[in-house]
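Welcome, and please take a moment to look at the structure below. A short briefing on its main features follows.

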Amino acid sequence: MLKSVLLLFIKIAAVALFLTLNSIAATNEVSLKDAYYSALQKTETVPIGEARINQTDARVDQARARFLPVLSFGASYQQQDTSNIQSSSRNIFPGRQSYTRLSLSQSLFEGGKDFAALQTAESTRKAQEQNLTLNKYTAFLAVARNYYAILSGQQEVKNIRRTIALANDRVSEIKTRAGIGRSRKVELIAAQAQLSVLDSQLMGVDGQLVTIKDQFSLLTGLNSDSTLTEIPEIVPAPETLETYLKFLEKRPDIASIAAQIEGSEGGVRSAKAGHYPSMSASGNYYLTREGAQKGNNWDVGLLFSLPLFAGGMVSA
């Protein structure tokens with residue numbers, strides 16, 4: 001009975017060990033998708049691009065805020081010397097003046113500067129989004145080149161080793177034939193020379209493969225000895241040149257430049273708006289008011305401004 005239980009325990013342990021080893025082997029297998037996602041986690045260009053997008057989001061919010069009114073609270077207290085003021089004038093110039101108020105202001109016209117600022121901010125955001133996409137594409141291309149370079153190098157090593165095995169068989173055969181006088185010594189020397197060339201080629205390819213694997217580890221952060229899974233992909237037949245030209249403007253680098261040009265145009269319009277007049281409205285509601293204007297609880301006003309001369313700063 002004890003022996004049967006012991007055998008059952010050994011079998012269970014063996015199965016568990018087998019499943020564990022298979023699990024470890026499976027985790028060491030890396031697909032191109034896994035390598036790409038690992039590279040995205042390791043590269044610094046993608047987080048920088050995302051941070052720049054967050055910055056441009058804040059600039060877009062700032063540009064949109066220019067279309068909204070501004071509400072603020074203010075308070076003032078003033079005490080002045082009234083010894084030299086006639087008593088009849090002290091109602092106009094009292095010794096103490098104070099107020100607390102709520103102020104509301106709204107820009108009515110800025111020469112189009114607010115619209116131009118919003119366009120510039122939105123175009124800058126588009127450009128940063130395209131730059132982030134371009135960085136991801138660039139990372140994928142770098143990983144894919146390195147990934148398939150490793151697979152190609154490994155296959156080349158296998159091919160050379162097969163060739164070396166055949167060359168060794170050839171050398172053994174010629175030695176046997178030379179021993180019975182059916183092959184000349186020069187044939188043996190030629191076969192051995194070919195074998196030496198193959199050995200040197202194998203050493204060179206092995207060295208290149210080690211370098212490529214180190215680059216893969218540096219690029220993705222994965223183990224350089226990871227097993228890469230080679231999944232054959234069906235490559236579609238190429239389309240006509242006109243088909244690809246239609247998508248040319250959608251390339252991230254070209255789309256980014258187009259957005260930058262659009263943003264620059266908005267900057268030019270914003271600068272030109274400095275030559276135009278501006279108008280804004282404001283209103284105040286006084287919660288408390290002491291002094292000559294006590295009892296006046298509110299006021300409203302319009303402000304109009306026309307630039308005449310600024311030392312050439314606007315034109316510059």
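In what sense do strand 2 and strand 3 pair, and over how many bridges? They pair in the antiparallel sense, over 10 bridges; two strands pair if DSSP finds at least two bridges between them. Keep in mind that this is a predicted model, in which local features need pLDDT of at least 70, side-chain atom pairs count only at pLDDT 80 or more, and totals for chains, interfaces and linings use all residues. Residues are numbered from 1 along each chain as its sequence is written, and side-chain values use heavy atoms, with hydrogens and water left out.

**The chain as a whole**

- The protein chain holds seven helices and six strands; helices (H or I, at least four residues) and strands (E, at least two) are DSSP runs, numbered from the N terminus.
- Read from the N terminus, the elements follow the order α-β-α-α-β-β-α-α-β-α-α-β-β.
- Of the 316 residues in the protein chain, 24% are buried, where buried means under 20% relative accessible area, exposed over 50% and partly exposed in between (1.4 Å probe, protein chains only).
- Among contacts (heavy atoms within 4.5 Å) with a separation of 6 or more, 78% come from residues 24 or more positions apart.
- The chain exposes about 22500 Å², and carbon and sulfur atoms supply 59% of that; accessible areas come from the Shrake-Rupley method with a 1.4 Å probe, and for residues only the protein chains shown count as cover.

**Strands and a nonpolar patch**

- Strand 2 lies largely in the open, because one of its 10 residues is buried.
- S76 has Y99 in strand 3 as its bridge partner.
- Strand 5 and strand 6 also pair in the antiparallel sense, over eight bridges, and A281 has L302 in strand 6 as its bridge partner.
- L71, F73, L102, L104, Y285, L287, W298 and V300 make a nonpolar surface patch of about 910 Å². Patches are made of residues with over 30% relative accessible area and no salt bridge: like charges are joined within 9 Å, and nonpolar side chains (Val, Leu, Ile, Met, Phe, Trp, Tyr) within 5 Å.
- Strand 2 (70-79), strand 3 (96-109), strand 5 (278-290) and strand 6 (298-305) are the elements that give two or more residues to this patch.
- L102, found in strand 3, counts as partly exposed at 35% relative accessibility.

- S38 sits in helix 2 (residues 32-42) and counts as buried at 18% relative accessibility. Leaving aside neighbours within four places in sequence, S38 is in contact with T220 and L222.
- S226 belongs to the loop between helix 5 (185-220) and strand 4 (227-228), and counts as buried at 13% relative accessibility.

**Salt bridges**

- The whole structure has seven salt bridges, each being a side-chain nitrogen of Lys or Arg within 4 Å of a carboxyl oxygen of Asp or Glu.
- E122 and R64 meet through their side chains in one of them (3.5 Å, N to O). E122 lies in helix 4 (residues 113-179) and R64 in helix 3 (residues 45-65), so this pair ties together parts that are 58 residues apart in sequence.
- E129 and R125 form another salt bridge (1.7 Å, N to O); they are four residues apart in helix 4, and therefore separated by about one helical turn.
- R251 pairs with D253 in a salt bridge, with the closest N and O atoms 2.5 Å apart.
- Salt bridges that share partners join D57, R125 and E129 into one network.
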